[in-house]
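This briefing concerns helix packing, nonpolar cores and model confidence. Please consult the sequence and the structure shown below.

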Amino acid sequence: AARDAVRCLEHAMVVVAGEKNVYRSIVAPSLVIIDDEDAPKISPFYRKACVAAYSHVVACVVDRTMDIIETVFLKEGGIGTSSGSDKDGDKANSGLSVRFAASAAAAGLRMLDGVRMLGPSLAKLCDMPIDDETVGTKHNSSNMSVASTLCIAIHRTTVKNTAKTLENLAKAIQEDPVNGMKHRPPDARIASVSSDVVRAIRLISPFMSAYKSVTKRRALPWDPNIGEEAGEMDSYVRFLIMRLLNSLQGKALNYTKDGEDDGGHAKSNMFMINNTFYLLQQLRAPTSRELRKDDSEHYQLDGQWFEGKVNAIFESEKGKYLAHWENINAHLTSVDSNGLEYQKNKNLLSLESGRLFKDRFKGFIEEFELMYAVHNRLSVIDPGLRRDMQTQVKKVFLVRYEKFYEKYSRFRFSKKNQQEYLKYPPKKVDSMINMMYGGENADAGE
């Protein structure tokens, strides 16, 4: 619709240009004063009537173009529609979603880009002298035609409505629901709002000049300055990213408030790991080789600020997540072999000495099974991140468990249930960890 609106503006220029050629070819010659005493004197009212007729025709064209642009903003741009969701947070209401608001903001900037470039030319075509004695003389601003005034109104209206679409996008991100499978996935994978914001930044990035036209003329919540002191698109994108991070942290917090979920804190950490990693991958600054010649007008995110901000959250949440696995190490403590007692004439440990091993192996089994049951339900879509998380989890306890298992599995500490205590050899634990986060299904798909 935005492209169609710009095409209508281009078509209006063609129509107005045609009308002006007709005026110059047919009407203007009759207004030229001839140095002949017998020639009838041209009435100034006739001159004004001719100009008024032309002004009326082109004003109708420009007015219709303005109606089309405003209609696009009202129907396609969501102007007048508030963002938000139902109270239960399970589905969005008739308000603006982040995806819709992003499309509306990009459409507004696209139309403003067209108005910004074509508007002055259209206004010049609409110019026509009224009070001057000679046709073709430039008129004063007080004598501007209705059509010229409408051209200015088109630009002002487009700037105002584009600013509103930009505000709506920021508001939609802030009010994105914190609950619901789409907004807060049960397996802590990437939330839809993250991909929607990445898409939004990519949609608006080609319109840096149009964005500057907005900030020069209107004070915005993230940039109160106007004129030459107004900020560039960087300030807006930073504002969107901060809104997104706040939204993600609110969703992550709700995992911990779910009383029926034992792994709420682990889900919260993994949710932030997944989403911040996704943002780092998608919005990282391109290298000089990746830049194309036609990217000069495209916004490029400040890599130092972005990576510093988002990577700090990623590393913090990663550390918190791995800390959950530290509880396993509490059961992998050493046993003083000098104080061990054996039953008479057997290599079987006494009941008391055997209990030292049983408690440790049993504690490991219970803790590991509990951790695995919780963490195996989590999902990591990116293969590289999934392998890294599996490796980091192994570093927390598996190396220590390998030494513990190798050293103490040689002792016979249970007469009947020895194999039950030794049912998780290190290789099996390693294999199980490799299947976490969707590893088995993902690797089969690859």
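In this predicted model, helix H11 (residues 383-408) packs against H13 at an angle of about 170°, and their axes lie 10 Å apart. An angle over 145 degrees counts as roughly antiparallel, and H11 and H13 are therefore roughly antiparallel to each other.

**Contact of H11 with H13**
- H11 contributes Gln390, Val393, Lys394, Phe397, Leu398, Tyr401, Glu402 and Tyr405 to the contact.
- From H13, the contact draws on Pro426, Val429, Asp430, Ile433 and Asn434.
- Classified by residue type, the contact of H11 with H13 comprises 8 nonpolar, 2 polar and 3 charged residues.

**Nonpolar cores**
- The largest nonpolar core has 90 residues, of which Tyr321, Trp325 and Phe397 touch the most other members.
- Leaving aside residues up to four places away in sequence, Tyr321 touches Ala266, Asn269, Met270, Ile273, His375, Leu378, Met389, Val393 and Tyr437.
- Another core, of 28 residues, lies apart from the largest one; Val62, Phe73, Ile79 and Val115 are among its members.

**Confidence**
- The average pLDDT of the chain is 80, and 79% of the residues score at least 70.
- Confidence is highest in helix H13 (residues 426-434), with a mean of 95, and lowest in helix H14 (residues 439-445), with a mean of 54.
- Over residues 83-94 pLDDT stays under 50, and the model has 23 contacts beyond four places in sequence for this stretch.
- Residues 131-142 likewise stay under 50 in pLDDT, with 18 contacts beyond four places in sequence in the model.

Technical notes. Residues are numbered from 1 along each chain as its sequence is written. This is a predicted model: local features need pLDDT of at least 70, side-chain atom pairs count only at pLDDT 80 or more; totals for chains, interfaces and linings use all residues. Side-chain values use heavy atoms; hydrogens and water are left out. pLDDT is the predictor's confidence in each residue, from 0 to 100. Helices (H or I, at least four residues) and strands (E, at least two) are DSSP runs, numbered from the N terminus. Contact means heavy atoms within 4.5 Å. A nonpolar core is a set of buried Ala, Val, Leu, Ile, Met, Phe, Trp, Tyr and Cys residues joined through side-chain atoms within 4.5 Å. Buried means under 20% relative accessible area, exposed over 50%, partly exposed in between (1.4 Å probe, protein chains only). Axes are lines fitted to C-alpha atoms, for helices over the stretch in contact, and angles run from 0 to 180 degrees between N-to-C directions. Angles under 35 degrees count as roughly parallel, over 145 as roughly antiparallel, 65 to 115 as roughly perpendicular and the rest as oblique. Ala, Val, Leu, Ile, Met, Phe, Trp, Tyr, Cys and Pro count as nonpolar, Asp, Glu, Lys and Arg as charged, and the others, Gly among them, as polar.
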